[in-house]
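I opened this model to follow the strand pairing and then the surface. My entries are below, in the order I looked things up.

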Amino acid sequence: MKQVYPTFILNTNGGSEHPFLVCVLYIEIFTERDTFVAVIEKV
């Protein structure tokens, strides 16, 4: 059985090393990646 969780992907554009922040609040996952493609592949 697969589970589906709301996922938030934020582009911080703050000049940080990893501009994309990913949050999956229900299972407490928080991660950062360099590109949007990297975010999709990791989540």
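I began with Cys23, whose bridge partner in β3 is Phe30. Leu21 came next, and its partner in β3 is Glu32. In total, five bridges join β2 to β3, and the two run antiparallel. I count two strands as paired if DSSP finds at least two bridges between them. Strands (E, at least two residues) and helices (H or I, at least four) are DSSP runs, numbered from the N terminus.

A note on the source: this is a predicted model, where local features need pLDDT of at least 70 and side-chain atom pairs count only at pLDDT 80 or more, while totals for chains, interfaces and linings use all residues. Residues are numbered from 1 along each chain as its sequence is written, and side-chain values use heavy atoms, with hydrogens and water left out.

Then I checked the other side of β2. Four bridges join β1 to β2 (residues 20-24), again antiparallel. Asn11 stands opposite Phe20 in β2.

I put the sheet together from these pairs. The sheet is open, has three strands in the order β1-β2-β3, and its pairing is antiparallel. β1 (8-11) and β3 (29-33) are the edge strands, each pairing on one side only. From one strand to the next, the twist averages 15°. For that angle, axes are lines fitted to C-alpha atoms, for helices over the stretch in contact, and angles run from 0 to 180 degrees between N-to-C directions.

How much of β2 is covered? I found that four of its five residues are buried, so it is mostly covered. My cut-offs for relative accessible area are under 20% for buried, over 50% for exposed, and partly exposed in between (1.4 Å probe, protein chains only). I looked at Val22, which sits in strand β2. Val22 counts as buried because its relative accessible area is 0%.

Next I went to the hairpin of β2 and β3. Four residues lie between the strands. Glu28 is in that loop. Its phi is near 55°, a positive value in a residue other than glycine. Is Glu28 buried or exposed? Glu28 counts as exposed, because its relative accessibility is 66%.

Tyr26 is in the loop between β2 and β3 too. At 62% relative accessibility, Tyr26 also counts as exposed. I then found Tyr26 in a nonpolar surface patch of about 400 Å², together with Tyr5, Ile27 and Ile29. Patch residues have over 30% relative accessible area and no salt bridge; like charges are joined within 9 Å, nonpolar side chains (Val, Leu, Ile, Met, Phe, Trp, Tyr) within 5 Å. A salt bridge is a side-chain nitrogen of Lys or Arg within 4 Å of a carboxyl oxygen of Asp or Glu. Accessible areas come from the Shrake-Rupley method with a 1.4 Å probe.

Last, I noted the whole chain. The elements run β-β-β-α from the N terminus on. The C-alpha atoms fill a box of roughly 40 × 15 × 10 Å along the principal axes. Of the 43 residues, 16% count as buried. The protein exposes about 3,700 Å², and carbon and sulfur atoms supply 58% of that.
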